Amino acid sequence: MAGFSVTAQIAVPEPPARAFERFEAGQLLELECDHLVVGAAMSISLPVGDGAQMGLAGSPITLLGHVAGVKRDRSVLIVHHQPWRGRLAVRFIPDGVGSRIVVESSLDQDGLTWLAHKRGYVPPEPPRADRHRIGLLVSKSGSAAVFAQATESLATLAIEEVNADGGIGGVLVDLVVGDDASDSATGAAAAMRLMRSGCRVVFACVTSATFNAAASALHGTGVMLVHTVLNEGGRPSPGVVRLGERPLAQVRAGVPVLMAETGCRNWFFVGQRYSWSYGAHWAARRVVAEAGGSVLGETYHILGTTDFTRVVDTIGRSGAELILSSLVGHDEVFFERQCSQHGLRSTTRTFALVLDEATQQLIGNSDADGVWAAFGYFQGFGDNTDLETRYRASAKGILPPLSSLSETTYNAILAYARAATIASPDDRASIRRQLLAHTEFDTASPRTMHRPILLAESRGGRLHPRAG
Amino acid sequence: MVQRAVTTQRNEELAFAVLADQVRRQILDTLASHGECSAGFISDQISTVGRTTVSTHLRALRLSGVVLERRQGRHRLYSIDPMGPANDALQFLRGLLERALGAKTSDSPMSPAVDPDGGSVRRRA
C-alpha cells in the first residue's frame, strides 16, 4: 500500500541534549508521557490554527500511541494508533552550537483520509448492493479518544469472523467507520454520513452526549443505533439499543466494598456536564445513602477540561475520604494525575467509573496506583483468551490494550450478526428484541451480554481484578 | 483605543476563520454528494452566506488545489480535484508539525514537491 511521509524541521540555539530534555518535559509537541521508555503510552498534541480559534475548527489533533524507540539525546520513535495508524520520528541533530529538530510523520491511505475529513472533505462511501453494511462510530480524536483505541481493530476482527461464517443471511458484511472527534455535533454529522453510505446499523462507542445527538439525527431513518459501551440508560425507542454496563451496577459493586474496606463514609463526586455524569451520580447517591454514607460535595466540568487543581483543592479541604470520578477519557487522565501529584492519595481513595486499561496506561504507572475501576471485562482476566490471542496476532508491534469498551463493541457486532441471521436482516424489531434479551440476566442463554461487574485496583501500571 | 481596535479586528478574524471553515465544509460536502456543480447550485445549498461569499470561498479552494473549475459556455462548473484532498491533507499536516515545533508556517498553497523551509512531503511506494 502506498505510504506518505511529511517532514518539518526547526533550528534551535541549544544543543541536542537540552532540546531532548525540553521535548521530554512536554515543551515541544506537547508530549505527555509518564516515562520516556520503549512501550510507554503517550500522546502528542498538534495545535490547529493559531490555537485561539473556537470550537472544532481549532481543536488540536492528538496522536495517541506508544514509544517504540528511544536513543537518548538523539531520537525518539513513536507508533500511534489514533487518529490514524502511523509513526512519528523526532530527531535531534547537532548543528553548530545549536541543533536541528526534525519531525517526520508517516501515514497510510486511511490516515490521509482522516486528515482530508478533518479539512472538511467527507464524501459518503458509495453504497454497495452486495454488502450488508455496518457502521462504527468512535472517537478517533478529542478528549474521548483515549478509551477507544482498540475498538476499530476489534470491530474489524468481528466482521472477519462473521464473514468467515458466511456473513449475514449469506451476504458479506463490510464496515464503515465514522469519527465524532469527541463532539456531539460532529458525531451527529458522522452518523448521517454512515447512514448515507448505506449502513443498516451503527455501533457507537462514544459518550452519551454524542449518542443522544446521533439518535436524534437518525430518528426515522430506519438505521438502528446501538450504544455498545457503558451508559446511564435512556428512554426506550424502536431504533435504539443500549447495551454496556450501567452505573447503578458499577456503584453497587464498588461503593459498599470500598466503604467497608476503608471504614470511611464521606464521598466527593467529580463528573462532567452531560447526561452520563448526571445519571452516574444519581445512581451513586442512592447507593452511598443505602450504605450509610454521605456526599460532601459534587462538581461537574465541561468535556475537555485539563486543569482540575481547584477541585483537587476543594476535595482536600472538604474532608472527604472517598472520591467517585465519572470523568471520561483525557479529562480522567488529567484528574488522576493531579490528585496524585497534589498528595490526595495519602488521604483519599478513588473509585473511577470510566477507568479502563487504555486510560490507566496514559495516566502513568504510579499516579494511578490505588484507584479502583469496575467493568464487566478486564484484559487478561476470565475466559476471553481466545479473543486476546487473535487480537495480538492481528497486527505487529505494540498494540493499544483491550478494555471493556472495545470488547463490548466486538460482542455487540457478533450478537447483531447472529440476530440478523436468525430473524431477517430487515426485521429490526426482532433484532432489537434479541439484542436486548441478552442484557437481562438469562441463565438459559449460553452467552449472556449481562455479566457481573468485576472490581479492579490499579497497581504498578496494570488493572488487577479481584476474584469473587 | 488602538488596543480595542486591534482586539475587535482579531475577534472578527477569528469569527471569519470559523465561518470560513463551516462554509468550506458545506461547499466540499455539496461537491462530494453531487459531483460537478455550478456556483449557483452550490450557493443554493448554503443558506448562511450569500452568493458573492460562496464565490470567494470557491476561488480560495481552487487556488489551494482542492477544487477544479471548468468553463462551459457562460457557466463555471466546480468539482473536487481527485488529488486535491490528498495534497491538501498532506500540506495541512506539514503546517501542523511546523506550528507544533514553533517554526514559521508555510500556509501558501504549493505543490508537494516544493520545500522552502526545509520540510518536505513525499509519497513512498
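Two residues are in contact here if their C-beta atoms, placed from the backbone, lie within 7 Å. With that in hand, welcome to a predicted model, in which local features need pLDDT of at least 70, side-chain atom pairs count only at pLDDT 80 or more, and totals for chains, interfaces and linings use all residues. Residues are numbered from 1 along each chain as its sequence is written, while chains are lettered from A and ligands numbered from 1 in the order in which they are written. By the contact rule, 20 residues of domain 2 of chain A touch 21 residues of domain 3 of chain A.

**Chain A overall**

- Chain A holds 13 helices and 19 strands; these are DSSP runs numbered from the N terminus, with helices being H or I of at least four residues and strands being E of at least two.
- The radius of gyration of chain A is 22 Å, which agrees with the value near 23 Å that a compact globule of 468 residues would have. This radius is taken over C-alpha atoms, and the globule rule is 2.2 Å times the number of residues to the power 0.38.
- Along the principal axes, the C-alpha atoms of chain A fill a box of roughly 70 × 60 × 40 Å.
- Of the 468 residues in chain A, 50% count as buried. A residue is buried if 20 or more other C-beta atoms lie within 10 Å of its own, exposed if 12 or fewer, and partly exposed in between, with C-beta atoms placed from the backbone.
- Among contacts in chain A with a separation of 6 or more, 68% are between residues 24 or more positions apart.

**Domains of chain A**

- Chain A is assigned domain 1 (4–110), domain 2 (122–244 + 400–437) and domain 3 (247–375 + 454–465); such bounds come from an automatic or database domain assignment.
- The centres of domain 2 and domain 3 of chain A, taken over C-alpha atoms, are 29 Å apart.
- On the side of domain 2 of chain A that touches domain 3 of chain A, α5 and α12 (404–422) of chain A each supply at least two residues. The largest share of that side, 3 residues, comes from α5(A).
- By class, the residues of that side of domain 2 of chain A are 9 nonpolar, 10 polar and 1 charged. Ala, Val, Leu, Ile, Met, Phe, Trp, Tyr, Cys and Pro count as nonpolar, Asp, Glu, Lys and Arg as charged, and the others, Gly among them, as polar.

**A parallel sheet and its helices**

- In chain A, 5 strands make an open sheet with parallel pairing, in the order β9-β8-β10-β11-β12. Two strands pair if DSSP finds at least two bridges between them.
- The edges of this sheet are β9 (173–179) and β12 (240–242) of chain A, each of which pairs on one side only.
- On average, neighbouring strands of the sheet are turned by 20 degrees against each other, direction ignored. Axes are lines fitted to C-alpha atoms, for helices over the stretch in contact, and angles run from 0 to 180 degrees between N-to-C directions.
- Strand β11 (residues 224–227) of chain A pairs with β12(A) in the parallel sense over 3 bridges, and A:L225 stands opposite A:V240 in β12(A).
- Helix α4 (residues 184–196) of chain A lies across β8 (132–138), β9 and β10 of chain A, at about 155 degrees to β9(A).
- Helix α5 (residues 208–218) of chain A lies across β8, β10, β11 and β12 of chain A, at about 170 degrees to β11(A).

**Residues to look up**

- A:C205 sits in strand β10 (residues 201–205) of chain A, and A:C205 is buried because 29 other C-beta atoms lie within 10 Å.
- A:Q82 and A:P83 are joined by a cis peptide bond with omega about -5 degrees; A:P83 lies in the loop between β5 (75–82) and β6 (86–95) of chain A.
- A:L29 is not a glycine, yet its phi is positive, near 65 degrees. A:L29 is in the loop between α1 (16–24) and β2 (31–33) of chain A, and A:L29 counts as buried because 23 other C-beta atoms lie within 10 Å.
- A:D73 likewise has a positive phi, about 70 degrees, without being a glycine. A:D73 lies in the loop between β4 (61–71) and β5 of chain A, and with 15 C-beta neighbours inside 10 Å A:D73 is partly exposed.

**Chain B**

- Chain B is divided into domain 1 (2–80) and domain 2 (83–125). Their contact takes 6 residues from domain 1 of chain B and 5 residues from domain 2 of chain B.
- The side of domain 1 of chain B that touches domain 2 of chain B has 4 nonpolar, 2 polar and no charged residues.
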